[in-house]
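Please look over the sequence and the model shown here. The paragraphs after it go from single residues to the whole chain and back again.

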Amino acid sequence: MGKLQKHFTSEAHKSALTDYCNYMKKSNNIDVMLDKTVRERKIQEESNQSFHKEVICILLDLTKTLARQGLSFRGKDDDENGNFRQITYLLSRHCPLLKKWLDDSCYRPYHSTYLSPQSQNEFITILGSSVNKIIRAKVKESGQFSVMADTTPDLSHTDRLSVVVRFVNNEGTAEERLIEVRESLNKTGVGMANDILDTLQKNELDPDNLVFQSYDFASSMSGVFNGAQQKLTEILGRKIPYIPCQAHRINTFIEHGCEATDIEIALKLRNLSKTRWTARAEAIKSVWSSFNVIIEVLDEITNTKDKFDKSTRNAAYSLSKRLISVDFVVSILFMKNVMYKMKLLTECLESTELNIADAIIFMSSTLESLNIINSDIDGMDNLINSSIAFLKSFDVDAEKEFLVRHRRRLVPKRLDNNRDNAANISFKTFYRKKYKSVLDELTSLMKNNLESCIGTIKPLYNMFNPPVSRNNLSETGIQDAMSFLPKQFIVDPLHLQVELEVLYDQCKEVETVSDVAAVSEQTNKMLPIANRMCRLLCTAPVTVAGNERSFSKLKLIKNYLRTTQSDSRLSDLLLLSSEKDIVDDIKLDLIAKQCTKLLKILNDRVKDVNSKKILQDLKENINASECSKHSVIIYLLHAVFLPTSKTSFSDPNGRKCTVKFSIKHSQNSFFMVANTAVKLEEMLKLKKSKNKLIQPCLLIVGTVVNPCQILVYFDEIKFTFFSIVKALDICIKMYHVFNIEYPIQSLNVWFFLHRFFYNIKLKSDKPSPLINQIISELK
């Protein structure tokens, strides 16, 4: 241990640092304690700060409620009539605190009511970022996650990619969380894979912890050679097991089963929903439960000449005849039973808590049930007999109608001399054959899918599928199961085998993998590796129902009156509307506290005359935007974190001179500000002519208080932004992505920004008590 490290960890240094922090607190200064006027002013400032904090909490709570419910914030043309302002006015009529905020200008030193569209967007961004931060923290804590993705077009004909992650939280419960909805420009497999990977990296989720992936069965997503699942595997350089969405597959199997015969023509009902997988069963139920009423209404339309025209009456008559046909009635009775079994299975699969192993058990059980129906000849005959009896109530002779609609067609004698010997299919045989074709196709597809699904996770499935036994463990099986773990987890196979044997002894009477997982969570302290493997199995996705739910929210939020909002705002609103349980737990007072603390710190600590004037200009600017406020805050940070570096140069006489950098030097290395774009270009040319290195920096056309245009300059390229916060974000990322050193003049400001806002700690960071103190005050 070096001398400096020993000093910094010593009790003497910690005590001195505490004394320094107490000294820097203005309320503890002796002049404040002795001077009554100063003390009263400080008390008033603290009271004002508390007042502002409570008001911001109310406005944040209002934003949270509107976003949670998927409601619009502003009117079409006039923001004054929007929901946000009108509900604020409503609250102010019953809340004296809010009324005082709106009426009394002395409580608004920055002349801001926080009701502008920019403030509303900032509140949405703050809340969306808070939810996203909570989700990211949970995913990182889990150590392994799966990704699910799906696309849909919105009302502006833009393809939206929804990315959801599945993980097991600290309590052992599986969660599926939306992390982002973004525009998808490239719908090929490579494009989708890159978009998914970019979304994970943007949200600081390590792709090395990705263990499974799940999408629908579209060729661009599931393709073996060029699908997103294969391309993601190739990009990451390791096998990411792909499990297709089981609900999508079941829905597709039903379609293929109906296409195996003409049942789809006989039973062509309007789908109640284009996005809900269970809507077909609901459609059949609705028609069957209201069958008699539907026929009565159609007959009434057919017989009422004075109210309906001829074409309407003819259509009603045709529809009535079709409904009481033998094909339709037998089909609806048969499919009613099958569709409700599939509906029950689909609803089970959509559950977030369901793991893939238990999903396989449910699918196996449904497959067995369909096989029983398929082999039950007497059951099919009873169903056909029920159809005959039902049609008699409408004076329809089922067998006679069958002979008319499905009369025997003889082959011409020139093709078959013994055509009279052709088999004559009876009434019941005909319908048994038709529906056995449906069931054969359906069960065959389900069986193949089941085998494929088990094959994907076979080592894990064998390891935890009840009844668990030590006989199931083998050296090869354990090695294969360990290959599913993220590569940074190094596990001793023998150690894992011992833990699994102990776990199996505790699971002798369990029936499902969920029961095994529950026992594993109870013993996770004693058997951590076995618990890790069990959580790995529970992390495997079953469906992309989470993505489909986000699309339902998309249709509510981006409706015909709200098609012009930005992508980031849309993503934040979808996040707030989808993850309601997290939104409800957000601590608004902590967020409001951070919003006001930084301005107070600037007000207390800025001593530079020019910087104080800029701060005063902002206070006097009644129409100051949020962008102006952020610009001033960033600019004045240089007057708080004063430059401590020095530079040496030789004067014309050859003497060495040392100059300490000033606040202006720090600001100029961070910002370049000019009234016009032409002057800004001249400043850049002047720097280049002096062979001065121009590192990534912010360019402002206008003034710091009123920025007209915001740009980021890097490598002789200018990038335009509408928000200085976004521009600063990109600028910081440029330094880290391209491994560029910060400008020495503004080193302390850059250190503060990357430590506070990004929680980045570099080896090159220098110890700074001031940075540590201000970060602790802000937190």
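Methionine 482 touches Val491, Pro493, Leu496 and Met533 when residues up to four places away in sequence are not counted; contact here means heavy atoms within 4.5 Å. Helix α22 holds methionine 482. With a relative accessibility of 15%, methionine 482 counts as buried, because buried means under 20% relative accessible area, exposed means over 50% and partly exposed lies in between, using a 1.4 Å probe and protein chains only. Between methionine 482 and aspartate 492 there are 9.5 Å from C-alpha to C-alpha, at a sequence separation of 10 residues.

The model is predicted: local features need pLDDT of at least 70, side-chain atom pairs count only at pLDDT 80 or more, and totals for chains, interfaces and linings use all residues. Residues are numbered from 1 along each chain as its sequence is written, and side-chain values use heavy atoms, with hydrogens and water left out.

How many helices and strands does the protein chain have? The secondary structure comes to 36 helices and 10 strands, where helices (H or I, at least four residues) and strands (E, at least two) are DSSP runs numbered from the N terminus. Of the 779 residues in the protein chain, 48% are buried. Among contacts with a separation of 6 or more, 68% are between residues 24 or more positions apart.

Glutamate 176 is a charged residue in the interior. Strand β3 (residues 174–183) is where glutamate 176 sits, and its relative accessible area of 14% makes it buried. The side chain of glutamate 176 makes a polar contact of 2.8 Å with the side chain of arginine 166. A polar contact is a pair of N or O atoms within 3.5 Å; within protein, one must be able to donate a hydrogen and the other to accept it, and residues adjacent in sequence count only if both atoms are side-chain atoms. Apart from neighbours within four places in sequence, glutamate 176 is in contact with Met148, Val164, Val165, Arg166, Thr352, Gly546 and Glu579.Asparagine 385, in helix α18 (residues 377–392), is partly exposed, with a relative accessible area of 33%. The side chains of asparagine 385 and lysine 428 are joined by a polar contact of 2.9 Å. Asparagine 385 and valine 330 are 55 residues apart in sequence, yet 9.3 Å apart in space, C-alpha to C-alpha. Glutamine 667 belongs to helix α32 (residues 663–670) and is buried, with a relative accessible area of 4%. Leaving aside neighbours within four places in sequence, glutamine 667 is in contact with Ser611, Tyr635 and His638.

Some loops have backbone features to note. Histidine 157 has a positive phi of about 60° although it is not a glycine. The loop between β1 (145–153) and β2 (159–168) contains histidine 157, which is exposed, with a relative accessible area of 74%. Aspartate 715, also not a glycine, has a positive phi of about 55°. Aspartate 715 is placed in the loop between β9 (707–714) and β10 (717–721) and is exposed at a relative accessible area of 56%. The peptide bond from proline 466 to proline 467 is cis, with omega near -5°; proline 467 is in the loop between α21 (458–464) and α22 (475–482).

Helix α35 (residues 747–756) packs against helix α36 (residues 769–778) at an angle of about 35°, with their axes 11 Å apart. Axes are lines fitted to C-alpha atoms, for helices over the stretch in contact, and angles run from 0 to 180 degrees between N-to-C directions. In this pair, Asn748, Phe751, Phe752, Arg755 and Phe756 of α35 meet Ile771, Asn772, Ile774, Ile775 and Leu778 of α36.
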